[in-house]
Amino acid sequence: MNVWCSNRLFRVCSVLCVLLAWGGLSPWIATAESVPVDENLLVLVSDTHIHHEGPIVVNENLQFDSVALFKRVVDDVLRMNPRPAAVLIMGDLIHQGTADTPYEMLREILRPWDEAGIPYYLALGNHDQPPRFFKIFPEWKEKMVPGCCAWKASFKNIDFLVLETTDYSNGWYGIHPKVQKEWLDAQLARQTRPVFVCGHHDWELMREKPALKNPHVQGWICGHRHDFLTKTYPDGVRELRIPTTAHAMIPNSGYLLMRVTEDGYRFTFVPLRDDSHDTGKEIFLKRI
């Protein structure tokens, strides 16, 4: 290399170093810290059904590659700018199996969120296996109510109280065991902010229904049925169902963007398949 080239290279490197020091290259260098976070935006996911033996076969005309579809969710969230405050996943994390493999796959799929510092919260559903889940996700043991994987998550303008609802003797139905009841009642007794109470099962299938005796309760959020709708039950409980990402009998795989506004909560369906029926659908729940 001649002297002129060497000097020029030195000058270019010097300018780059100065720009880096002053932040002059920040528009071109995106880091996790540089992506803003929208504190009023959340991503709601349910029924990921991670299956380690290839696509889930519903019938000869309907198959779901649950791993590929959930990877799309992970990639979508990574590309968001601003990013959501967190992602809440409402159960049925895996599809089936008698080994740790599905949870190991899930852990690896979630790694980009770990590396980017994107918070996510995991609930359990009737397809899940708590001993295997806690083996691969041991940090969630700290969030347990004794005997139940129940937890609270708080954001700028909304809280979530999430329950473990599965009756493991017949997973189609939900229950609310005594230790969890005591925990939820204590939480609601001191709740002074808007809050959604959540569980994997829909309200209709809860054999033992939680007492939602607090005027700040905005409703019940669940998965399990794999659809996207809202309904109000005769006892006044307002329910919002999160669709499945990967196991819809009617092709409707997707997830929800939840926008918290001054007067309520807007849920927008994001499809993961071209044939999803609810593409463009939104549900707005007025703040109680």
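Predicted model: local features only at pLDDT ≥ 70, side-chain atom pairs only at ≥ 80, totals over all residues.
What span should the 14 residues of helix H2 (residues 66-79) have at 1.5 Å a residue, and how far apart are its end C-alpha atoms? Residues are numbered from 1 along each chain as its sequence is written, and side-chain values use heavy atoms, with hydrogens and water left out.

**View A. Helix H2, residues 66-79.** Expected span here is 1.5 Å times one less than the number of residues. Helices (H or I, at least four residues) and strands (E, at least two) are DSSP runs, numbered from the N terminus. Buried residues (under 20% relative accessible area, 1.4 Å probe, protein chains only) of H2 include Ser66, Asp76, Leu69 and Phe70. Val67, Val73, Val74 and Val77 are also buried.

**View B. The cis peptide bond between Asn81 and Pro82.** Omega of this bond is about 5°. Pro82 sits in the loop between H2 and strand S4 (83-90).

**View C. Asp92, a non-glycine residue with positive phi.** Its phi is about 50°. Asp92 belongs to the loop that runs between S4 and helix H3 (101-116). Its relative accessibility is 1%, so Asp92 counts as buried.

**View D. His224, a non-glycine residue with positive phi.** Phi is about 75° at His224, which is placed in the loop between strand S9 (217-222) and strand S10 (230-232). His224 counts as buried because its relative accessibility is 5%.

How values were computed
Buried < 20%, exposed > 50% of the residue type's maximum accessible area, 1.4 Å probe, protein only.
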